[in-house]
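Have the viewer open as you read.

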Amino acid sequence: MARIWAGLKEKIGEQMTVNGSLRTAWSGIRRTFWPGAPIFDGTRVHYDLARQLYRNDGQDSNLGGGFCRPIVDLQVEFIDLPRAASGDEDEDEFLNDCIHVFWANEIQQMLRNSIRDSMTVVRIGRKDPNSNPLVGMEESEHCFLEIIDPERVAIFYDERDKDVIDQAFITHKVEFLIERNEGAVRGSSRIPESREHTIIEEISREVYRYWDETAGEYLTDWETPNTWGFVPLREVFNEYDSTLSGGQSDLESPYPFIRAFHEVMGQALSAHKYHSIPKVKFKINEVQTFLMNNFPNSFDLDDQGNPTPGTFSGEVSWQGTEILFVQSEEDVEFLEARSVLGDSKTLLEFLLDCICIASQTPEWAFMRVEGATSGQTTAQTLPFVKKIGRKRKSFESDIQFICKMALAITRQEPRVIPLAWDEITEDILVTKMQALQQLIMALEVACQRQLISDVTARETLRPFLPAMKSPTEEAADAEDNNIILDVNPNAVGDPNLNGKGDPLPASQ
């Protein structure tokens, strides 16, 4: 009975998800009369449907799902990778190598999956050069990242500290090789048999354990102690919302318009099929006489080859019929269905505008630039730039936490490292650099007039220069900028003196 109820619940949840939106509404049904948590608290995005939209391989959305990949991928490209800006050269160099050399692909996967699926899970680990000869010490020192689908992970946090993971369970599919029989023919090219096992990895702050679900036993040979003292996982949410207790997919808002685009496109294609086949209209007085005069092959012929009245076969062949003979008051014309492509084009353009507005994506992301002016492009780009800035702030804490775990793994102080991001577009970079130049000139004049101190000037510049340290440290380091050159005035400047300060001979 419990299995039937679970299957019914899953089926209803799938139907409510597919027919409504990307988010399942099953968890939102209240079970009590009294108001409690928000109605959609605990609901999640239908991961398979979101990924289907991204791949554009769904039958009920494939004519409009092509917009989903640019919506996701364009954000990943513009978010880009940050730089560590703690002020410690060794620490920044280590973390920047991790982010830009060893983790670049995985961080992009993290951004893509979380924006598409509303969340993902990131795992950090360290490869062992002793077990893998292709792993060098540098690669082992900088750790590695692994992106895990949220369906395969169950995470339990400490009841007293919600930021600390107490236990985590990860499901793996592993192919176990089956050894050949002793009687196998030597030199045989038969591929060895294998069997897929479901392995559940249990990670705690003390140990790594592995349960073979297929064999029903623990793999004691795989068990290892957790010397780091923490579970190396991080749940990454996109646009976290407290009313959902989770993240949001960027495909949720434009999804209704994408489905409408698919339906309109399908209707337009069907109408085009009927539009391309014209129909004939007859306005005649005597049908049989008209058919016998113009389509004699549709009747039985007598001995003289003339059509016999009353023997019409019901079929008319237009092959070879180039002239139709009618009476003066009769008429024949072809009816052609009016094309609906013009109206469909207008509706599709409107739906595309709705998709751009709902997803905060400029239309040039979909290669639609015809008729767009510079003013329109700027008006569309501004909300997108603000969106990218919001995304960077949202994912910054996740990247900082991953860097903190890397520092702890490599026996360094685990602290929050400030991150610096490049400007989103070159136009914004040029504008900010011009503004920074004007600000520096104004601060310099204010310092010379003794209106402000050097400390105030440095504090004013710190928001524009993320790598800038505290005013005291910058003042101490800036003293090395002034290099005093010990120049002998007799060595240069006077053409009548040689390098030792003696007069040159008269011949020179």
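## Where H2 meets H3

Let's start with a helix crossing: the axes of H2 and H3 come within 6 Å, at an angle of roughly 95°. Because angles of 65 to 115 degrees count as roughly perpendicular, H2 is roughly perpendicular to H3. Keep in mind that this is a predicted model.

Which residues make the contact? On the H2 side they are Leu53, Tyr54 and Arg55, and H3 brings Cys68, Arg69, Val72 and Asp73. By type, the contact of H2 with H3 splits into 4 nonpolar and 3 charged residues, with no polar ones.

## The chain overall

Zooming out, the protein chain has 508 residues, and 32% of them are buried. Its secondary structure comes to 13 helices and 13 strands. If you take contacts between residues at least 6 apart in sequence, 58% of them link residues at least 24 apart.

As for surface, the chain exposes about 32500 Å², with carbon and sulfur atoms supplying 52% of that.

In soluble globular proteins, nonpolar side chains tend to be buried together. Here, the largest nonpolar core holds 59 residues, and the members touching the most others are Leu22, Trp103, Ile107, Met110, Ile124 and Ile402. Helix H10 (residues 374-409) gives this core its largest share, 11 residues.

What does isoleucine 402 touch, once neighbours within four places in sequence are set aside? Its contacts are Trp103, Met110, Val122, Ile124 and Leu145. There's also a second, separate core of 16 residues, with Val153, Ile155, Val231 and Leu233 among them.

## Two positive phi angles

Most residues other than glycine have a negative phi. Asparagine 56 has a positive one, near 60°, without being a glycine. You'll find asparagine 56 in the loop between helix H2 (47-55) and helix H3 (68-79), the two helices whose axes cross at roughly 95°. Is asparagine 56 buried, partly exposed or exposed? Its relative accessible area is 28%, so it counts as partly exposed.

Glutamine 450 is another case: not a glycine, yet its phi is positive at about 60°. This residue is in the loop between helix H11 (426-448) and helix H12 (454-461). With exposed meaning over 50% relative accessible area, glutamine 450 counts as exposed because its relative accessibility is 72%.

Notes: Residues are numbered from 1 along each chain as its sequence is written. This is a predicted model: local features need pLDDT of at least 70, side-chain atom pairs count only at pLDDT 80 or more; totals for chains, interfaces and linings use all residues. Side-chain values use heavy atoms; hydrogens and water are left out. A nonpolar core is a set of buried Ala, Val, Leu, Ile, Met, Phe, Trp, Tyr and Cys residues joined through side-chain atoms within 4.5 Å. Buried means under 20% relative accessible area, exposed over 50%, partly exposed in between (1.4 Å probe, protein chains only). Helices (H or I, at least four residues) and strands (E, at least two) are DSSP runs, numbered from the N terminus. Contact means heavy atoms within 4.5 Å. Axes are lines fitted to C-alpha atoms, for helices over the stretch in contact, and angles run from 0 to 180 degrees between N-to-C directions. Angles under 35 degrees count as roughly parallel, over 145 as roughly antiparallel, 65 to 115 as roughly perpendicular and the rest as oblique. Ala, Val, Leu, Ile, Met, Phe, Trp, Tyr, Cys and Pro count as nonpolar, Asp, Glu, Lys and Arg as charged, and the others, Gly among them, as polar. Accessible areas come from the Shrake-Rupley method with a 1.4 Å probe; for residues, only the protein chains shown count as cover.
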